[in-house]
Amino acid sequence: MIKQFLTVLAFTFFFISCKKENKNDNKKLNVVTTTSMITDLVKNIGGNLIEINGLMGSGIDPHLYKASEGDVSKLVNADVIFYNGLHLEGKLVEVFEKMGHQNIKTIAIGESLEKNTLIGSDYFASNYDPHIWFSVENWKTITKFVIKKLVEVDPKNAKAFEANGKEYLAQLEALEAKLKNTIATLPKEKRILVTAHDAFSYFGKAYGFTVVGLQGLSTATEAGVQDVQKLAKFIIEKEVKAIFVESSVPKRTIEALQAAVESKDHKVTIGGTLFSDALGNANTKEGTYIGMFEYNVNTIINALK
């Protein structure tokens, strides 16, 4: 893994040292994004005024993502790069920092949030939980931040970016209201969310759920037998009705947990697959941030009722 990263980093410096060819032939702002959530956000603000390249598609785990030679080519030809930060993208962060020193504009959306709004963690590289998109309030703050940054990079399209951003913020307001109404139908004592890895703490904090992940904040940390047995005991004690798979995490971890619970004569179902570190397939409702959030909440509520 280290060898591959060093190879990619070498490609980075090679491309940076070369003249940027075929850049912005269509005069649109060339934007590169990392996760599918960020890609969707920037698309909503930039519209057809930008050319966007998302590195990570549906089902891609950003914690384990390894940049390809093609990715590096996209990155060094970008006018601006938006990434999550807070070490979500692992080794890619070091690439972005190097690019920043080479006058390629790199922007970590996590920097838009006040530190006192972040969930701390002693077990993650940044000391903060990086899954910031699972609070709609966070996403509204990030939306305003991205609008501002796009305007700075491409001021001639400022009015369009601001108008698009205003419309998207209204959609996020409507989403928040809808989510709260749906969640209100589930009794508070049933709001226990057990998932494959610890990606939903911001969701839990925002909407009153106790959230427990089998793996830690990063999927690079594997769950052991003791982790499975400890969580199985918790599920039985709390009479949790359903547990959830994640689209970007192998299903076998949750199936092992289900087996451990059922070996103790307790029934727990797999309530469905949630989208955690990536959106659904492109051109589907779940392939958008708003559609993903609605789908997740409906899946959780229906399974836990």
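Guide: Helix axes here are lines fitted to C-alpha atoms over the stretch in contact, and angles run from 0 to 180 degrees between N-to-C directions. This is a predicted model in which local features need pLDDT of at least 70 and side-chain atom pairs count only at pLDDT 80 or more, while totals for chains, interfaces and linings use all residues. Residues are numbered from 1 along each chain as its sequence is written, and side-chain values use heavy atoms, with hydrogens and water left out.

Visitor: What makes α2 oblique to α6?

Guide: Helix α2 (residues 36-46) and α6 pack at an angle of about 125°, with their axes 7 Å apart. That makes α2 oblique to α6, because angles under 35 degrees count as roughly parallel, over 145 as roughly antiparallel, 65 to 115 as roughly perpendicular and the rest as oblique. On the α2 side the contact (heavy atoms within 4.5 Å) is made by Asp 40, Leu 41, Asn 44, Ile 45 and Gly 46, and on the α6 side by Ala 160, Phe 161, Asn 164, Gly 165 and Tyr 168.

Visitor: Why is α6 called roughly parallel to α10?

Guide: The axes of α6 and helix α10 (residues 289-304) come within 10 Å and cross at roughly 0°, which means that α6 is roughly parallel to α10. Residues of α6 that meet α10 include Tyr 168, Leu 172, Leu 175 and Ile 183, and among their partners in α10 are Ile 290, Phe 293 and Val 297.

Visitor: Why is Phe 203 counted as buried?

Guide: Phe 203, which has its place in helix α7 (residues 201-207), counts as buried because its relative accessibility is 2%, and buried means under 20% relative accessible area. Leaving aside neighbours within four places in sequence, Phe 203 is in contact with residues including Phe 134, Ile 183, Phe 293 and Val 297. The C-alpha atoms of Phe 203 and Ser 135 are 5.6 Å apart, although the two are 68 residues apart in sequence.

Visitor: How do you know that Arg 191 has no salt bridge?

Guide: Arg 191, found in the loop between α6 (158-183) and β5 (192-197), is buried, and the nearest side chain of opposite charge, that of Glu 189, is 7.6 Å away. A salt bridge needs a side-chain nitrogen of Lys or Arg within 4 Å of a carboxyl oxygen of Asp or Glu, so Arg 191 has none.

Visitor: Which backbone oxygens lie by polar atoms of the Arg 191 side chain?

Guide: The backbone oxygen of Ile 183 lies 3.1 Å from a polar atom of that side chain, and the backbone oxygen of Leu 186 lies 2.9 Å from one.

Terms used:
Helix = DSSP H or I, 4+ residues; strand = E, 2+ residues; numbered from the N terminus. Buried < 20%, exposed > 50% of the residue type's maximum accessible area, 1.4 Å probe, protein only. Lys, Arg positive; Asp, Glu negative; His and termini not counted. Polar contact = N/O pair within 3.5 Å; in protein donor to acceptor, adjacent residues only side chain to side chain.
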